[in-house]
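Open the model in a viewer and keep the selection tool at hand. The stops below say what to pick and what is found there.

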Amino acid sequence: MQKPGVGISGAGCVCGAGMDLATAYVSMLTGERNPQAPQRFSTTHADTYPVFEILSPLPAPGTDAELLRTTRLALSAAHEALNDAQLDRELLRGLRVGVCIGTTVGSAMNSEEFYRDFRSGKTPDMAPIERYLRSNPAAALARHYQLDGPSQVVANACSSGTDAIGVGAAWIRAGLCDMVIAGGADELCRTTYNGFASLMITDTRACRPFDVSRRGLNLGEGAGVLVLESDAVLKRRGRRARGYVLGYANATDSHHLTAPHPEGRGLKAALARAISDAGIEAQQLAFLNAHGTGTPDNDKVESKVLCELFPEVPVVSTKGYTGHTLGAAGAIEATLTLVGLEQGRIPANAGFSQMDPALGLTPTTALTPVQGSIAVSESLAFGGNNAALVLGLEEHI
Amino acid sequence: MMEMRISGLGIAGAFGCGTRELRAALEHGGVKPSFCADAGAQSIPVYRASTTALERYLNKRVLRRIDHFSRLALLGAFEALEDGEYNFDFIPARERLGVVLCSGFGALSTTFRFLDSVMDDGDSFASPTAFSNSVHNAAAAHISMQLGITGPGQTLSQFDHSFISGVQQAQMWLEEKRVDAVLLGTVDEYCSVLGYCWERFLGIKPSTQMRPFASDSSSALPGEGAAFFLLRPQQDGSAGYARISGMECGHVRGSSPRLGSGAPLILGCEGYPDTMNMYREHLPADAAVACYTPLYGASPVAPAFDVAIAALALERGKAYPAPAAPPAETGWATLSSGSAVETLTCVDFGVGGEYSALHRARPCL
C-alpha cells in the first residue's frame, strides 16, 4: 500500500558548487567546476589531490568559531532551508521539531593539534575537545533553534545524509514530530584527505564519474538540509510543500569494509525497497542522482545495478561539481534532486566524455530535460551501507 | 508506540561477560575498577572490559584484524543472538534483521592509531587499515559481515544519548515492518586520550571512588563495554526478558520526563554534580530509585547497561540490590533488594540537558 509522502517545505545547500542551493544548481547547469589543491591545510603528499573546498566565508549562523566547521556548515544550510520554508525560531516554538543530521567528521574526535601535544607528553589545552563536545551537529542545531524534539546523528559514513533524511521522514510519518530538520554535513580536513589518499582512491585530476578514464574521487565539503513538515502543520501554515519524500530504504552488503559488493547486493535491495516504499514503478522515474564517486569500484558496481534495474532512466552524478562530501553527500544530492525535478532539467555528468564498455552506462552528457515528477537519489558507503530516497513533486502518484 | 520485547541480551563490561556474570556482580554489589597509567597522566581507575570470550565465536586469525572497539561490538552481538536462541549457522531471513549500533565516541583507539601513522610515517604513509576501521560504522559492518546480516544498518552517535536514539530507531523499523527483529547495541571504549580528558575535565585522582549521587565534586570514573539487545515486536512469540512499553526523550529547556509518583526508577547517575541537579529537579520526591553505575562506570554505554539490568530484574520480578543509596535530602527511597517489580523506568539526564525515560514492564505471553 502506498504510504503518504512527507512534505519538504524548505531546502538549503552550501557546497563547492555554490553558497546556496539556487546558485549551486545554476553553476552546475552551466558546467562550472573548479577543483583545486586544498587551501585551508597543507600536506606532504608528492601528488596533489584536488578538492572542492568552500573558500568563501560561511553565511550566518555558521560563523561561530567555537563550533567545528562541520557543524557550522550544517547551521548555514539549515538557516537557508528554514528561510525557504518561511520559518524562524518564533514559529518553531510550540512545535515538536526534530533534528536528524548525517556526518562522518562531525562525530570524530580527531584534532591533530591536540593529539600531537598529547602523545609528546605535553599537557594540551582542552579547547579542541570542548569544541568537539559542543559540536554534535544535531544537538548544536537543536540548541541553536531551541528545539525539544528528538535529535539524532547518523554516522553511516557516506550514506549518512541520505539515511538522515529517511529517518526524519519516518519520524513525521510516525507522528513523532511536526517538523524535522534533516540533512548532512561534513568538512574537509587533513584526516579524511590523508585517509582517502591512503586507500588510493583519490584522483590527481578532476574526478570523472562513470568515464572510462576515471581514476578516483575528489573530496569536497558542505551541507544539505531539508525541512520536512507534517501535512497538518503545512495546512495550518497555509503553505504548499516544494516536494515530498515518497520512499526510503537502507540495506547492507555484508561484504567488505570499504568495497561494495561486486553484484551490488545491498544497493539493489535498498533501491527495490525504496521504490516499494514509495509505491511506484521504476519506469515512473524522471531521473536518478547516482552516488557516482569516480572510483573504479563504486562506478562499476553502481552501473551494473542501474543498467539492470533502470535501463531507461537518465542518470547523473553531481559529484563532478561538488566533490564527494562524505556524510553530507546524500543530503546535498537530495536537495539537488529536488531542484532538478522542479526545473525539469538536470546537468551534464561533469567529467564524463567516454563510456566505459565494462560499465555500459552513459550518464547525462549535456544539460538534459527530464519528464516526470519522481526521482531517486542514492548513496553507497564504507561499511557496506546503501541507502536510497525517492523524492517527488506530488504527494500522491 | 508499538511495544517491543527484549528477547536476547549480550553484555560485556567490567563486571564480566554475559547475563550470568552481570547477575553475579549485581548480587555481589560491586566491581573494582582497574588502573590505567596514561601518557603524561597519573594512573586513574577505569572500568575496563575484556573481549577474551569472543574467541568462543571467532577464531584468532579473524580477530587479529579487528580492533578492540569492534571486538566489543561483535561480542555483544554474538551473545545477544545466542541468548535469543539464534543458530549462527542458519540465521533465518538475514535481510529482515536490522542492526542499530550506537556509540558516543566511536573507535577512539583506532582513530588515534591512524593519527599515529600520519605523525610517525608522514601523510603519504597513513594507514589505510586504521582509517577504514576508524569510521564510526566499522563495528556495525563487522557485525553484518561476520553474521551475514543484510538487513538495514544504522550507526548513531549522540554522546550519552546515543542509546535512546537507537531504541527509537529500532522501534521505528519494527513499527514500519521493515524488519522482523533488530539487533540494537551500544559500544564505547576507553583509551588513554579519554583518560587524560577525564583527569583534566573532572579532576579524577587515583583515589577517586564512584559515588553516583555525588553533588559536591565529580566522581565519575570512565567505563567501557558493549550492551546488545535482540528486539522483536511484543506480539511476536515468547515472553523474553521484558517489554519496552514506552519511551520519552527531550531537553529540559522545553519539557520534562513524565514519571509517576512512587514509580520504581533506575537512574543513570554517574557522579556528575551538574546532572545530579537535574535528577533532583525533575524526579518525584517519593521516587524509589536504584543506580548501578558503580558496576560499569560512566560511559555512553551506561544507559544500555541500566536497561539490561532492568530487563533481568523484570524477568525475575524482583529488584537487584543497589550498590549505592541516594542522599537522604533527596527524599528518594532506595529500591530495596528483592522488592517485587512489575514495571521499571530507566531515567537518564545528559550534561547538555537532554533526557530520556525508557519504560519497561514485565514480560507477558
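Begin with Gln354(A), which lies in the loop between β11 (345-346) and β12 (368-369) of chain A. Bear in mind throughout that this is a predicted model. Is Gln354(A) buried or exposed? Gln354(A) counts as exposed because it has 12 C-beta neighbours inside 10 Å, and a residue with 12 or fewer is classed that way. Leaving aside residues up to four places away in sequence, select Asp211(A), Val212(A) and Ser213(A) to see what Gln354(A) touches. Then draw a distance from the C-alpha atom of Gln354(A) to that of Val301(A): the separation is 18 Å, for two residues 53 apart along the chain.

**A covered strand in chain A**

Next, select β14(A), residues 385-392. This strand is mostly covered, with 8 of its 8 residues buried. Colour Asn385(A), Ala387(A), Leu389(A) and Leu391(A) for one side, and Asn386(A), Ala388(A), Val390(A) and Gly392(A) for the other; both faces are covered.

Which strands pair with β14(A)? One is β8 (243-252) of chain A, which is antiparallel to β14(A) and joined to it over 8 bridges. To find a point on this pairing, select Ala251(A), which stands opposite Asn386(A). Another partner is β13 (374-380) of chain A, also running antiparallel to β14(A), with 7 bridges. Here Ala375(A) stands opposite Leu391(A). β13(A) and β14(A) make a hairpin, and 4 residues lie between them. Within the turn, pick Gly383(A), which has a positive phi of about 85°.

Move to α4(A), residues 112-119. Show the side chains of its buried residues, Phe114(A), Tyr115(A) and Phe118(A). They span an arc of only 90° around the axis, so they are on the same side of α4(A). What do these residues pack against? Their surroundings are α5 (127-133) of chain A together with α4 and α8 of chain B. Just after the helix, Gly121(A) has a positive phi of about 85°.

Now select α8(A), residues 190-198. This helix is mostly covered, with 8 of its 9 residues buried. Among the buried residues are Thr191(A), Tyr193(A), Asn194(A), Phe196(A) and Ser198(A). What covers them includes β6 (219-220) of chain A together with α4 and α5 of chain B. Following α8(A) is Met200(A), with a positive phi near 60°.

**Where the chains touch**

Show both chains and select the residues of each that contact the other. How many residues of chain B are in contact with chain A? There are 58, and they meet 52 residues of chain A. Elements that each supply at least two residues to the chain B side include α4 (108-121), α5 (128-134), α6 (138-147), α8 (192-202) and β9 (242-251) of chain B. α4(B) gives the most, with 7 residues. Coloured by class, the chain B side shows 26 nonpolar, 26 polar and 6 charged residues.

**The two domains of chain B**

Stay with chain B and colour domain 1 (4-241) and domain 2 (244-361) separately. Their centres, taken over C-alpha atoms, are 21 Å apart. Across the boundary, 49 residues of domain 1 are in contact with 41 residues of domain 2. On the domain 1 side, β1 (4-13), α1 (18-28), α7 (162-175), β7 (181-188) and β8 (225-233) of chain B each give two or more residues. That side has 27 nonpolar, 16 polar and 6 charged residues.

**The largest nonpolar core**

For the last stop, show the largest nonpolar core, a set of 261 residues. The members that touch the most others are Leu141(A), Leu228(A), Val245(A), Ala274(A) and Ala308(B). Which helix of chain B gives the most to this core? That is α10 (302-316) of chain B, with 11 residues. Domain 1 and domain 2 of chain B each contribute at least three residues to this core.

Not counting residues up to four places away in sequence, Leu141(A) touches Ala74(A), Leu75(A), Ala78(A), Val99(A), Ile101(A) and Ile181(A).

Definitions and conventions
Residues are numbered from 1 along each chain as its sequence is written. Chains are lettered from A and ligands numbered from 1 in the order in which they are written. This is a predicted model: local features need pLDDT of at least 70, side-chain atom pairs count only at pLDDT 80 or more; totals for chains, interfaces and linings use all residues. A nonpolar core is a set of buried Ala, Val, Leu, Ile, Met, Phe, Trp, Tyr and Cys residues joined through C-beta atoms within 7 Å. A residue is buried if 20 or more other C-beta atoms lie within 10 Å of its own, exposed if 12 or fewer, and partly exposed in between; C-beta atoms are placed from the backbone. Domain bounds come from an automatic or database domain assignment. Two residues are in contact if their C-beta atoms, placed from the backbone, lie within 7 Å. Ala, Val, Leu, Ile, Met, Phe, Trp, Tyr, Cys and Pro count as nonpolar, Asp, Glu, Lys and Arg as charged, and the others, Gly among them, as polar. Two strands pair if DSSP finds at least two bridges between them. The arc is that of the directions from the helix axis to the C-beta atoms.
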